[in-house]
Amino acid sequence: MSLNSDKRVDRVVWDGGLSVGILMADQDHQRIMDLINRVLDGMLGGQSEVGLSGLLDDLIGFAREHFRREEELMRTHDYPELQSHREMHRFLEKKVSGYKTAFLAGEAEVGLAAELMKDWIVLHIQGVDKRYTRYLNARGVV
Ligand SMILES: [Fe+2]
Ligand SMILES: [Fe+2]
């Protein structure tokens, strides 16, 4: 994880240290970070409200697809922590959707979004997703 601090709000940058050892998940995570950066850039660059709302929808939609893919993989392999992991996904979905609602109400500010999204990526990938690596790798998922 490295952060670029040449802007007021740091962009999120994927690097190998964030790998969870499964190609599908790594590719999804990179795409999620790309979508987050677009939201941040859009906010800093004065994107229109409609444009930003669309970028947030892209992020929310793709995150949902990713969560379903991960859950399906964990379910297929009887991963013992599926239930708590799934609850964490639902919590994150609510958090990001709540952010979009706040944005539409004119109550969201970019610093908070950056904070929230970085926490999501760093804490969830590092703290929760990485817990399945050894279990799934041992079952041939790479
Ligand atoms: Fe993930
Ligand atoms: Fe996850």
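Leaving aside its neighbours within four places in sequence, which residues is Leu136 in contact with? I shall return to that residue at the end, after the helices.

Colleagues, this is a predicted model, in which local features need pLDDT of at least 70, side-chain atom pairs count only at pLDDT 80 or more, and totals for chains, interfaces and linings use all residues. Residues are numbered from 1 along each chain as its sequence is written, while chains are lettered from A and ligands numbered from 1 in the order in which they are written.

I begin with helix 2. Helices here are DSSP runs of H or I with at least four residues, numbered from the N terminus. Helix 2 covers residues 49-76, which is 28 residues, and its first and last C-alpha atoms are 41 Å apart. That is close to the expected 40 Å, where the expected span is 1.5 Å times one less than the number of residues.

Which residues of helix 2 are buried? They are Leu52, Leu55, Leu56, Leu59, Ala63, Glu70 and Met74. By buried I mean that 20 or more other C-beta atoms, placed from the backbone, lie within 10 Å of the residue's own; 12 or fewer is exposed, and in between is partly exposed. Their cover includes helix 1 (23-44) and helix 3 (82-104).

Let us take the first of these partners. Helix 1 and helix 2 pack at about 165°, with axes 9 Å apart; the axes are lines fitted to C-alpha atoms over the stretch in contact, and angles run from 0 to 180 degrees between N-to-C directions. Helix 1 is therefore roughly antiparallel to helix 2, a term for angles over 145 degrees. Among the residues that meet are Ile32, Leu35 and Val39 of helix 1, and Leu55, Leu59 and Phe62 of helix 2. By class, the contact of helix 1 with helix 2 divides into 13 nonpolar, 3 polar and 6 charged residues. Here Ala, Val, Leu, Ile, Met, Phe, Trp, Tyr, Cys and Pro count as nonpolar, Asp, Glu, Lys and Arg as charged, and the others, Gly among them, as polar.

Just after helix 2 comes Asp78, with a positive phi of about 50°, in a residue other than glycine. Asp78 sits in the loop between helix 2 and helix 3. Is Asp78 buried or exposed? Asp78 is exposed, since 9 other C-beta atoms lie within 10 Å.

Helix 3 has 23 residues and reaches 33 Å, close to the 33 Å expected. Leu92, Val96, Tyr99 and Phe103 are buried in helix 3, and what covers them includes helix 2 and helix 4. Helix 4 (residues 110-127) packs against helix 3 at about 165°, the axes being 11 Å apart. This makes helix 3 roughly antiparallel to helix 4. Met88, Leu92, Lys95 and Tyr99 in helix 3 meet Ala113, Leu116, Trp120 and His124 in helix 4. That contact has 6 nonpolar, 1 polar and 1 charged residues. Helix 3 is followed by Gly106, whose phi is positive, near 75°.

Finally, I return to Leu136, in helix 5 (residues 133-138). Leu136 is buried, because 20 other C-beta atoms lie within 10 Å. Beyond its neighbours within four places in sequence, Leu136 is in contact with Ile22, Leu73, His77 and Val141, contact meaning C-beta atoms, placed from the backbone, within 7 Å. Gly45, by comparison, is 91 residues from Leu136 in sequence and 41 Å away, C-alpha to C-alpha.

Terms used. Helices (H or I, at least four residues) and strands (E, at least two) are DSSP runs, numbered from the N terminus. Two residues are in contact if their C-beta atoms, placed from the backbone, lie within 7 Å. Angles under 35 degrees count as roughly parallel, over 145 as roughly antiparallel, 65 to 115 as roughly perpendicular and the rest as oblique.
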